Amino acid sequence: MARSNLKNRIVLFLVATTIVLLALRFTYVFQDALLSFLSTRMAGRAHEDTITAVKLILWAMLGYLMVRALKFLLFKLVFRFRSGSEAPVLVQNVFSIVVFTLLFVIIFNRLYPNVNLGALFTTSAIFGVILGLALQDTLGNFFAGISLHADRPFQVGDVIAVGAQKHTGVVESISWRAIKIRTFQNHVVLVSNSSAAKEAIEVCPRDNLNARLVFFSTLYTDSPAKTIHIAREAVRESDNVSEKITPIVRIRNMGESGIDYEVKYWLNDYARYNDTDALVRQRIWYAFRRAGITFNFPTRTVELRRPASHVVSEADHNALIERLSAVDIFAPLSTEETATLAQASVRHVFAPSETVIRAGDAGSSMFVLHNGRVQVQVSDNGNLRPVAVLNEGDFFGEMALLTGEPRTAHVVAVEETEVLEIGHEAMKKLFDTNPDLVESLSHIITERRKALADRAIDPREEDESAGLLASIKRFFRIS
Ligand code: CMP
(Lines give C-alpha, C1' and ligand atoms only; values in the text may rest on other atoms or scores of the structure.)
Protein backbone atom coordinates (compact mmCIF):
# COMPACT_ATOMS: atom_id res chain seq x y z
CA MET A 1 0.00 0.00 0.00
CA ALA A 2 2.69 2.47 1.10
CA ARG A 3 4.99 1.35 -1.69
CA SER A 4 2.45 1.85 -4.50
CA ASN A 5 1.59 5.20 -2.97
CA LEU A 6 5.25 6.20 -3.14
CA LYS A 7 5.47 5.03 -6.76
CA ASN A 8 2.43 7.12 -7.70
CA ARG A 9 3.91 10.16 -6.05
CA ILE A 10 7.23 9.74 -7.84
CA VAL A 11 5.45 9.37 -11.20
CA LEU A 12 3.33 12.44 -10.45
CA PHE A 13 6.44 14.38 -9.50
CA LEU A 14 8.23 13.42 -12.71
CA VAL A 15 5.22 14.31 -14.86
CA ALA A 16 4.79 17.70 -13.13
CA THR A 17 8.52 18.49 -13.44
CA THR A 18 8.52 17.56 -17.12
CA ILE A 19 5.50 19.78 -17.82
CA VAL A 20 7.03 22.75 -15.98
CA LEU A 21 10.40 22.28 -17.72
CA LEU A 22 8.70 22.07 -21.12
CA ALA A 23 6.64 25.18 -20.35
CA LEU A 24 9.79 27.06 -19.29
CA ARG A 25 11.63 25.99 -22.39
CA PHE A 26 8.66 27.02 -24.53
CA THR A 27 8.58 30.46 -22.88
CA TYR A 28 12.27 31.05 -23.50
CA VAL A 29 12.46 29.60 -27.03
CA PHE A 30 9.35 31.36 -28.24
CA GLN A 31 9.89 34.49 -26.15
CA ASP A 32 10.18 36.81 -29.14
CA ALA A 33 7.18 35.34 -30.89
CA LEU A 34 5.13 35.59 -27.71
CA LEU A 35 6.22 39.18 -27.10
CA SER A 36 5.22 40.29 -30.58
CA PHE A 37 1.97 38.37 -30.29
CA LEU A 38 1.12 40.02 -26.94
CA SER A 39 2.34 43.49 -27.93
CA THR A 40 -0.45 43.75 -30.47
CA ARG A 41 -2.97 43.08 -27.72
CA MET A 42 -1.51 44.93 -24.73
CA ALA A 43 -0.64 48.49 -24.13
CA GLY A 44 2.79 49.83 -23.08
CA ARG A 45 5.17 47.35 -21.48
CA ALA A 46 2.43 45.09 -20.21
CA HIS A 47 3.36 42.32 -22.64
CA GLU A 48 6.92 42.16 -21.27
CA ASP A 49 5.68 42.16 -17.67
CA THR A 50 3.28 39.32 -18.50
CA ILE A 51 6.03 37.15 -19.90
CA THR A 52 8.26 37.87 -16.88
CA ALA A 53 5.39 37.06 -14.52
CA VAL A 54 4.76 33.77 -16.36
CA LYS A 55 8.46 32.97 -16.06
CA LEU A 56 8.38 33.81 -12.35
CA ILE A 57 5.44 31.50 -11.81
CA LEU A 58 7.04 28.67 -13.78
CA TRP A 59 10.40 29.07 -12.00
CA ALA A 60 8.60 29.21 -8.66
CA MET A 61 6.77 25.98 -9.56
CA LEU A 62 10.03 24.34 -10.51
CA GLY A 63 11.58 25.62 -7.27
CA TYR A 64 8.68 24.16 -5.32
CA LEU A 65 9.12 20.77 -7.01
CA MET A 66 12.85 20.82 -6.32
CA VAL A 67 12.28 21.65 -2.66
CA ARG A 68 9.87 18.71 -2.36
CA ALA A 69 12.44 16.42 -3.98
CA LEU A 70 15.20 17.71 -1.72
CA LYS A 71 13.01 17.31 1.36
CA PHE A 72 12.23 13.73 0.38
CA LEU A 73 15.87 12.87 -0.23
CA LEU A 74 17.10 14.55 2.91
CA PHE A 75 14.49 13.49 5.45
CA LYS A 76 12.88 10.35 4.13
CA LEU A 77 16.08 8.69 2.96
CA VAL A 78 19.19 10.18 4.56
CA PHE A 79 17.77 11.13 7.96
CA ARG A 80 15.93 7.85 8.28
CA PHE A 81 18.97 5.87 7.19
CA ARG A 82 21.23 7.59 9.70
CA SER A 83 19.03 7.92 12.77
CA GLY A 84 16.53 5.14 12.12
CA SER A 85 13.55 7.45 12.62
CA GLU A 86 11.96 10.22 10.59
CA ALA A 87 12.58 13.87 11.38
CA PRO A 88 9.63 15.64 13.06
CA VAL A 89 7.09 16.98 10.55
CA LEU A 90 7.55 20.48 11.89
CA VAL A 91 11.30 20.44 11.14
CA GLN A 92 10.59 19.19 7.62
CA ASN A 93 8.07 21.96 7.05
CA VAL A 94 10.37 24.69 8.38
CA PHE A 95 13.11 23.38 6.10
CA SER A 96 10.76 23.51 3.07
CA ILE A 97 9.59 27.05 3.84
CA VAL A 98 13.10 28.43 4.34
CA VAL A 99 14.59 26.78 1.22
CA PHE A 100 11.62 27.76 -0.92
CA THR A 101 11.75 31.38 0.27
CA LEU A 102 15.46 31.55 -0.54
CA LEU A 103 14.90 30.09 -3.99
CA PHE A 104 12.02 32.48 -4.59
CA VAL A 105 14.12 35.51 -3.63
CA ILE A 106 16.93 34.37 -5.96
CA ILE A 107 14.52 33.79 -8.86
CA PHE A 108 12.75 37.09 -8.20
CA ASN A 109 16.04 39.03 -8.16
CA ARG A 110 17.12 37.43 -11.41
CA LEU A 111 13.84 38.23 -13.17
CA TYR A 112 13.31 41.65 -11.61
CA PRO A 113 16.87 42.97 -11.05
CA ASN A 114 15.60 46.50 -10.55
CA VAL A 115 13.03 45.73 -7.87
CA ASN A 116 14.20 45.78 -4.24
CA LEU A 117 12.29 42.92 -2.66
CA GLY A 118 13.29 43.88 0.88
CA ALA A 119 12.05 47.43 0.45
CA LEU A 120 8.86 46.12 -1.13
CA PHE A 121 8.12 44.07 1.95
CA THR A 122 9.21 46.59 4.56
CA THR A 123 7.68 49.72 3.08
CA SER A 124 4.34 48.33 2.04
CA ALA A 125 2.16 48.86 5.11
CA ILE A 126 -0.93 47.53 3.37
CA PHE A 127 0.96 44.43 2.29
CA GLY A 128 2.07 43.98 5.87
CA VAL A 129 -1.45 44.26 7.23
CA ILE A 130 -2.84 41.88 4.63
CA LEU A 131 -0.07 39.41 5.26
CA GLY A 132 -0.45 39.77 9.01
CA LEU A 133 -4.18 39.13 8.94
CA ALA A 134 -3.91 36.28 6.50
CA LEU A 135 -1.16 34.59 8.45
CA GLN A 136 -2.55 35.27 11.91
CA ASP A 137 -3.87 31.75 12.43
CA THR A 138 -1.08 30.12 10.50
CA LEU A 139 1.59 31.88 12.51
CA GLY A 140 -0.28 31.15 15.74
CA ASN A 141 -0.30 27.46 14.86
CA PHE A 142 3.28 27.61 13.76
CA PHE A 143 4.58 29.12 17.00
CA ALA A 144 2.35 26.89 19.12
CA GLY A 145 3.79 23.96 17.13
CA ILE A 146 7.32 25.15 17.87
CA SER A 147 6.55 25.38 21.59
CA LEU A 148 5.00 21.89 21.50
CA HIS A 149 8.18 20.59 19.93
CA ALA A 150 10.37 22.42 22.40
CA ASP A 151 8.36 21.40 25.51
CA ARG A 152 7.63 17.90 24.26
CA PRO A 153 4.68 17.42 26.65
CA PHE A 154 3.74 14.37 24.58
CA GLN A 155 5.09 12.39 21.68
CA VAL A 156 3.86 10.36 18.75
CA GLY A 157 2.34 7.16 20.18
CA ASP A 158 1.15 8.72 23.46
CA VAL A 159 -2.54 8.70 24.34
CA ILE A 160 -3.92 12.21 24.90
CA ALA A 161 -7.30 13.76 25.65
CA VAL A 162 -7.58 17.31 24.35
CA GLY A 163 -10.10 20.00 23.53
CA ALA A 164 -13.49 20.92 24.89
CA GLN A 165 -14.93 17.70 23.42
CA LYS A 166 -12.19 15.72 25.15
CA HIS A 167 -10.92 14.10 21.96
CA THR A 168 -9.07 11.04 23.14
CA GLY A 169 -6.74 8.95 21.03
CA VAL A 170 -3.21 8.10 20.04
CA VAL A 171 -1.03 10.94 18.70
CA GLU A 172 -0.09 10.16 15.10
CA SER A 173 1.79 13.30 14.19
CA ILE A 174 2.52 16.85 15.30
CA SER A 175 2.90 19.17 12.31
CA TRP A 176 3.41 22.94 12.05
CA ARG A 177 -0.36 23.32 11.87
CA ALA A 178 -2.06 20.64 13.94
CA ILE A 179 -1.87 17.57 16.16
CA LYS A 180 -3.27 14.48 14.47
CA ILE A 181 -5.00 12.08 16.83
CA ARG A 182 -6.39 8.68 15.94
CA THR A 183 -9.36 8.08 18.20
CA PHE A 184 -10.41 4.69 19.54
CA GLN A 185 -13.16 4.63 16.92
CA ASN A 186 -10.35 4.83 14.32
CA HIS A 187 -11.33 8.39 13.35
CA VAL A 188 -8.71 11.02 12.72
CA VAL A 189 -9.10 14.25 14.68
CA LEU A 190 -6.97 17.29 13.86
CA VAL A 191 -6.56 19.73 16.72
CA SER A 192 -4.87 22.96 15.65
CA ASN A 193 -1.70 23.70 17.59
CA SER A 194 -2.95 27.12 18.71
CA SER A 195 -6.17 25.70 20.19
CA ALA A 196 -4.24 22.81 21.79
CA ALA A 197 -1.92 25.37 23.38
CA LYS A 198 -4.94 27.01 25.07
CA GLU A 199 -6.53 23.79 26.34
CA ALA A 200 -5.65 21.50 29.19
CA ILE A 201 -4.26 18.33 27.64
CA GLU A 202 -4.38 15.04 29.51
CA VAL A 203 -1.32 13.04 28.53
CA CYS A 204 -0.83 9.32 29.12
CA PRO A 205 2.75 8.77 27.95
CA ARG A 206 3.50 5.51 26.19
CA ASP A 207 6.53 4.73 28.39
CA ASN A 208 4.65 5.45 31.63
CA LEU A 209 2.60 2.99 33.68
CA ASN A 210 -0.84 4.56 33.36
CA ALA A 211 -3.65 3.38 35.61
CA ARG A 212 -7.33 2.71 34.96
CA LEU A 213 -10.30 2.39 37.28
CA VAL A 214 -13.04 -0.21 36.89
CA PHE A 215 -16.05 -0.39 39.20
CA PHE A 216 -18.35 -3.14 40.41
CA SER A 217 -20.55 -3.85 43.39
CA THR A 218 -21.58 -6.96 45.27
CA LEU A 219 -24.27 -7.93 47.73
CA TYR A 220 -23.76 -7.19 51.41
CA THR A 221 -23.70 -10.90 52.16
CA ASP A 222 -20.34 -11.35 50.42
CA SER A 223 -17.38 -10.64 52.66
CA PRO A 224 -15.15 -7.74 51.56
CA ALA A 225 -11.89 -9.56 52.32
CA LYS A 226 -12.84 -12.50 50.10
CA THR A 227 -14.26 -10.25 47.36
CA ILE A 228 -11.13 -8.09 47.31
CA HIS A 229 -8.84 -11.11 47.18
CA ILE A 230 -10.75 -12.83 44.36
CA ALA A 231 -11.09 -9.63 42.29
CA ARG A 232 -7.42 -8.73 42.73
CA GLU A 233 -6.25 -12.16 41.55
CA ALA A 234 -8.64 -12.08 38.57
CA VAL A 235 -7.39 -8.66 37.46
CA ARG A 236 -3.77 -9.56 38.01
CA GLU A 237 -3.95 -12.38 35.51
CA SER A 238 -5.64 -10.34 32.76
CA ASP A 239 -3.67 -9.62 29.62
CA ASN A 240 -2.02 -6.16 29.40
CA VAL A 241 -2.25 -5.60 33.18
CA SER A 242 1.22 -4.65 34.38
CA GLU A 243 2.96 -7.07 36.71
CA LYS A 244 5.08 -4.26 38.13
CA ILE A 245 2.33 -2.90 40.37
CA THR A 246 -0.23 -5.15 42.07
CA PRO A 247 -3.79 -4.06 41.25
CA ILE A 248 -5.67 -2.37 44.07
CA VAL A 249 -9.23 -3.35 44.93
CA ARG A 250 -10.98 -1.20 47.55
CA ILE A 251 -14.41 -0.31 48.84
CA ARG A 252 -15.68 3.00 47.41
CA ASN A 253 -19.04 3.14 49.05
CA MET A 254 -21.57 1.21 51.06
CA GLY A 255 -24.45 1.54 48.59
CA GLU A 256 -28.16 1.17 49.06
CA SER A 257 -28.28 -2.43 47.94
CA GLY A 258 -24.65 -3.47 47.86
CA ILE A 259 -21.00 -2.69 48.49
CA ASP A 260 -19.37 -0.61 45.72
CA TYR A 261 -15.76 -1.41 44.87
CA GLU A 262 -13.18 0.14 42.62
CA VAL A 263 -10.34 -1.69 40.91
CA LYS A 264 -7.24 0.26 40.05
CA TYR A 265 -4.77 -1.40 37.74
CA TRP A 266 -1.82 -0.34 35.63
CA LEU A 267 -1.50 -1.10 31.92
CA ASN A 268 1.49 -2.14 29.87
CA ASP A 269 -0.01 -0.56 26.76
CA TYR A 270 -2.41 2.25 27.65
CA ALA A 271 -3.63 2.62 24.08
CA ARG A 272 -5.53 -0.69 24.58
CA TYR A 273 -7.36 0.40 27.71
CA ASN A 274 -10.85 -0.19 26.30
CA ASP A 275 -10.12 -3.85 25.59
CA THR A 276 -8.34 -4.29 28.89
CA ASP A 277 -11.17 -2.72 30.91
CA ALA A 278 -13.56 -5.12 29.21
CA LEU A 279 -11.32 -8.10 29.87
CA VAL A 280 -10.89 -7.12 33.52
CA ARG A 281 -14.69 -6.96 33.97
CA GLN A 282 -15.08 -10.31 32.26
CA ARG A 283 -12.42 -11.96 34.42
CA ILE A 284 -14.03 -10.59 37.57
CA TRP A 285 -17.39 -12.01 36.50
CA TYR A 286 -16.00 -15.52 36.00
CA ALA A 287 -13.92 -15.42 39.18
CA PHE A 288 -16.98 -14.33 41.18
CA ARG A 289 -19.10 -17.04 39.61
CA ARG A 290 -16.56 -19.66 40.74
CA ALA A 291 -16.25 -18.16 44.23
CA GLY A 292 -20.01 -17.80 44.70
CA ILE A 293 -19.85 -14.00 45.00
CA THR A 294 -22.97 -12.24 43.74
CA PHE A 295 -23.02 -8.90 41.93
CA ASN A 296 -25.29 -6.31 43.38
CA PHE A 297 -28.55 -5.67 41.57
CA PRO A 298 -31.37 -3.38 42.69
CA THR A 299 -33.04 -5.50 45.33
CA ARG A 300 -35.05 -5.09 48.47
CA THR A 301 -34.37 -7.86 50.91
CA VAL A 302 -37.17 -8.42 53.39
CA GLU A 303 -35.69 -10.25 56.33
CA LEU A 304 -37.93 -11.96 58.82
CA ARG A 305 -35.98 -12.40 62.03
CA ARG A 306 -36.68 -14.09 65.28
CA PRO A 307 -35.81 -11.92 68.27
CA ALA A 308 -32.60 -13.86 69.02
CA SER A 309 -29.73 -12.09 67.29
CA HIS A 310 -27.73 -15.15 66.30
CA VAL A 311 -30.09 -17.73 64.95
CA VAL A 312 -28.16 -20.50 63.21
CA SER A 313 -29.38 -23.04 60.71
CA GLU A 314 -29.15 -26.74 61.49
CA ALA A 315 -26.23 -27.17 59.10
CA ASP A 316 -24.40 -24.29 60.76
CA HIS A 317 -25.15 -25.71 64.19
CA ASN A 318 -23.71 -29.08 63.18
CA ALA A 319 -20.61 -27.35 61.81
CA LEU A 320 -20.16 -25.64 65.20
CA ILE A 321 -20.51 -28.94 67.06
CA GLU A 322 -17.95 -30.50 64.74
CA ARG A 323 -15.57 -27.62 65.31
CA LEU A 324 -15.89 -27.64 69.11
CA SER A 325 -15.50 -31.40 69.40
CA ALA A 326 -12.22 -31.10 67.44
CA VAL A 327 -10.80 -28.72 70.06
CA ASP A 328 -8.55 -30.86 72.25
CA ILE A 329 -9.64 -29.43 75.63
CA PHE A 330 -13.29 -30.12 74.77
CA ALA A 331 -12.60 -33.70 73.63
CA PRO A 332 -13.73 -35.19 77.00
CA LEU A 333 -17.17 -33.51 76.72
CA SER A 334 -20.25 -35.63 76.03
CA THR A 335 -22.19 -35.09 72.76
CA GLU A 336 -24.95 -33.25 74.65
CA GLU A 337 -22.46 -30.99 76.40
CA THR A 338 -20.78 -30.10 73.11
CA ALA A 339 -24.19 -29.38 71.56
CA THR A 340 -25.08 -27.11 74.50
CA LEU A 341 -21.75 -25.36 74.19
CA ALA A 342 -22.35 -24.84 70.44
CA GLN A 343 -25.76 -23.41 71.24
CA ALA A 344 -24.24 -21.00 73.71
CA SER A 345 -21.42 -19.79 71.48
CA VAL A 346 -21.67 -16.67 69.32
CA ARG A 347 -20.07 -16.38 65.87
CA HIS A 348 -18.08 -13.27 64.90
CA VAL A 349 -16.24 -12.42 61.68
CA PHE A 350 -13.12 -10.25 61.65
CA ALA A 351 -11.42 -8.65 58.63
CA PRO A 352 -7.69 -9.16 58.00
CA SER A 353 -5.61 -7.08 60.48
CA GLU A 354 -8.60 -6.44 62.74
CA THR A 355 -7.98 -6.75 66.46
CA VAL A 356 -10.01 -9.46 68.15
CA ILE A 357 -8.58 -8.93 71.65
CA ARG A 358 -6.70 -5.91 72.97
CA ALA A 359 -4.12 -6.40 75.74
CA GLY A 360 -5.16 -4.80 79.03
CA ASP A 361 -8.90 -4.96 78.35
CA ALA A 362 -11.19 -6.77 80.74
CA GLY A 363 -12.56 -10.02 79.31
CA SER A 364 -15.05 -12.63 80.37
CA SER A 365 -15.14 -14.90 77.33
CA MET A 366 -12.84 -17.13 75.33
CA PHE A 367 -12.75 -17.82 71.59
CA VAL A 368 -12.43 -20.89 69.40
CA LEU A 369 -11.02 -20.29 65.91
CA HIS A 370 -13.64 -21.55 63.46
CA ASN A 371 -12.05 -20.29 60.18
CA GLY A 372 -8.92 -18.31 59.45
CA ARG A 373 -5.83 -17.46 61.49
CA VAL A 374 -4.85 -15.07 64.27
CA GLN A 375 -1.56 -13.80 65.62
CA VAL A 376 -0.89 -13.30 69.33
CA GLN A 377 1.27 -10.23 69.95
CA VAL A 378 2.75 -8.62 73.05
CA SER A 379 4.08 -5.15 73.54
CA ASP A 380 7.87 -5.12 73.87
CA ASN A 381 9.40 -1.68 74.49
CA GLY A 382 6.66 -0.07 72.46
CA ASN A 383 6.95 -2.59 69.58
CA LEU A 384 4.58 -5.47 68.99
CA ARG A 385 6.32 -8.85 69.20
CA PRO A 386 4.50 -11.87 67.69
CA VAL A 387 4.29 -14.70 70.21
CA ALA A 388 2.22 -17.27 68.39
CA VAL A 389 0.01 -17.91 65.39
CA LEU A 390 -3.19 -19.84 66.08
CA ASN A 391 -5.08 -21.81 63.43
CA GLU A 392 -8.52 -23.33 62.97
CA GLY A 393 -9.47 -25.41 66.02
CA ASP A 394 -7.16 -23.47 68.39
CA PHE A 395 -8.58 -21.31 71.18
CA PHE A 396 -7.57 -18.07 72.91
CA GLY A 397 -8.83 -15.59 75.46
CA GLU A 398 -9.02 -18.29 78.14
CA MET A 399 -6.56 -16.51 80.46
CA ALA A 400 -8.73 -13.50 81.28
CA LEU A 401 -11.85 -15.64 81.30
CA LEU A 402 -10.45 -18.10 83.82
CA THR A 403 -8.43 -15.80 86.05
CA GLY A 404 -10.44 -12.59 85.91
CA GLU A 405 -7.22 -10.71 85.12
CA PRO A 406 -6.92 -8.25 82.16
CA ARG A 407 -6.16 -9.64 78.70
CA THR A 408 -2.47 -10.57 78.52
CA ALA A 409 -1.88 -10.02 74.80
CA HIS A 410 -3.25 -8.58 71.55
CA VAL A 411 -4.88 -11.07 69.24
CA VAL A 412 -5.09 -9.89 65.61
CA ALA A 413 -6.74 -11.59 62.63
CA VAL A 414 -4.13 -12.48 59.99
CA GLU A 415 -6.78 -13.12 57.33
CA GLU A 416 -10.56 -13.06 57.34
CA THR A 417 -11.31 -14.97 60.51
CA GLU A 418 -14.41 -16.40 62.09
CA VAL A 419 -14.42 -17.14 65.82
CA LEU A 420 -16.87 -18.70 68.28
CA GLU A 421 -17.14 -16.76 71.50
CA ILE A 422 -17.85 -18.75 74.66
CA GLY A 423 -18.92 -16.80 77.73
CA HIS A 424 -18.32 -17.20 81.48
CA GLU A 425 -21.70 -18.85 82.13
CA ALA A 426 -21.26 -21.59 79.51
CA MET A 427 -17.77 -22.40 80.82
CA LYS A 428 -18.93 -22.54 84.42
CA LYS A 429 -21.56 -25.14 83.49
CA LEU A 430 -18.83 -27.27 81.86
CA PHE A 431 -16.50 -26.95 84.83
CA ASP A 432 -19.21 -28.16 87.19
CA THR A 433 -19.49 -31.45 85.32
CA ASN A 434 -15.88 -31.72 84.04
CA PRO A 435 -13.42 -30.80 86.78
CA ASP A 436 -10.53 -32.14 84.64
CA LEU A 437 -11.15 -29.41 82.13
CA VAL A 438 -10.02 -26.77 84.62
CA GLU A 439 -6.82 -28.64 85.20
CA SER A 440 -5.92 -29.05 81.53
CA LEU A 441 -6.69 -25.37 80.96
CA SER A 442 -4.48 -24.34 83.87
CA HIS A 443 -1.56 -26.26 82.30
CA ILE A 444 -2.07 -24.52 78.97
CA ILE A 445 -2.28 -21.12 80.64
CA THR A 446 0.99 -21.81 82.49
CA GLU A 447 2.68 -22.69 79.20
CA ARG A 448 1.35 -19.60 77.46
CA ARG A 449 2.35 -17.32 80.30
CA LYS A 450 5.91 -18.58 80.01
CA ALA A 451 5.98 -17.94 76.27
CA LEU A 452 4.58 -14.46 76.89
CA ALA A 453 7.32 -13.64 79.35
CA ASP A 454 9.85 -15.20 76.96
CA ARG A 455 11.11 -17.40 79.81
CA ALA A 456 12.98 -20.72 79.80
CA ILE A 457 11.33 -23.82 81.29
CA ASP A 458 10.83 -23.18 84.97
CA PRO A 459 11.52 -26.11 87.32
CA ARG A 460 8.75 -24.82 89.61
CA GLU A 461 6.20 -25.27 86.84
CA GLU A 462 4.21 -27.75 88.90
CA ASP A 463 3.83 -25.22 91.74
CA GLU A 464 2.84 -22.47 89.37
CA SER A 465 0.23 -24.59 87.64
CA ALA A 466 -1.17 -25.77 90.97
CA GLY A 467 -1.44 -22.19 92.25
CA LEU A 468 -3.19 -21.17 89.08
CA LEU A 469 -5.57 -24.11 89.29
CA ALA A 470 -6.55 -23.08 92.82
CA SER A 471 -7.16 -19.48 91.84
CA ILE A 472 -9.29 -20.54 88.81
CA LYS A 473 -11.37 -22.73 91.09
CA ARG A 474 -11.80 -19.85 93.50
CA PHE A 475 -12.75 -17.48 90.69
CA PHE A 476 -15.33 -19.92 89.32
CA ARG A 477 -16.46 -21.00 92.80
CA ILE A 478 -15.70 -24.63 92.05
CA SER A 479 -15.24 -26.83 95.05
P1 CMP B 1 -6.18 -13.54 77.33
O2 CMP B 1 -5.11 -13.08 78.26
O3 CMP B 1 -7.56 -13.62 77.85
O4 CMP B 1 -6.13 -12.65 76.01
C5 CMP B 1 -5.00 -12.75 75.15
C6 CMP B 1 -4.87 -14.20 74.74
O7 CMP B 1 -3.77 -14.52 73.95
C8 CMP B 1 -4.64 -15.04 75.96
O9 CMP B 1 -5.76 -15.01 76.79
C10 CMP B 1 -4.29 -16.36 75.36
O11 CMP B 1 -5.40 -17.07 74.98
C12 CMP B 1 -3.54 -15.93 74.13
N13 CMP B 1 -2.11 -16.13 74.35
C14 CMP B 1 -1.30 -15.47 75.15
N15 CMP B 1 -0.06 -15.99 75.08
C16 CMP B 1 -0.10 -16.99 74.22
C17 CMP B 1 0.87 -17.92 73.72
N18 CMP B 1 2.11 -17.89 74.11
N19 CMP B 1 0.48 -18.82 72.81
C20 CMP B 1 -0.79 -18.86 72.39
N21 CMP B 1 -1.74 -18.01 72.84
C22 CMP B 1 -1.42 -17.10 73.74
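Is Ala234 buried or exposed? Ala234 is buried, at a relative accessible area of 9% (buried is under 20%, exposed over 50%, partly exposed in between; 1.4 Å probe, protein chains only).

## Basis

The model is predicted: local features need pLDDT of at least 70, side-chain atom pairs count only at pLDDT 80 or more, and totals for chains, interfaces and linings use all residues. Numbering runs from 1 along each chain as its sequence is written, and side-chain values use heavy atoms, with hydrogens and water left out.

## Ala234

Ala234 sits in helix H8, residues 224-236 (helices are DSSP runs of H or I, at least four residues; strands are E, at least two; numbering starts at the N terminus). Beyond four places in sequence, Ala234 touches Arg283, Ile284 and Ala287 (contact: heavy atoms within 4.5 Å). Ala287 lies 53 residues away along the chain, with a C-alpha separation of 6.3 Å from Ala234.

## Glu418

Strand E16 (residues 417-423) holds Glu418. Glu418 counts as buried because its relative accessibility is 14%. Its side chain makes a polar contact with the side chain of Arg347, at 2.7 Å (N or O atoms within 3.5 Å, one able to donate a hydrogen and the other to accept it within protein; residues adjacent in sequence count only if both atoms are side-chain atoms). Other residues touched by Glu418 include His348, Val368 and His370.

## Nonpolar cores

The largest nonpolar core has 45 residues (buried Ala, Val, Leu, Ile, Met, Phe, Trp, Tyr and Cys joined through side-chain atoms within 4.5 Å). Phe330, Phe396, Ile422, Met427 and Phe431 have the most contacts inside it. Helix H14 (residues 435-452) gives the most to this core, 5 residues. A second, separate core of 24 residues includes Val214 and Ile228.
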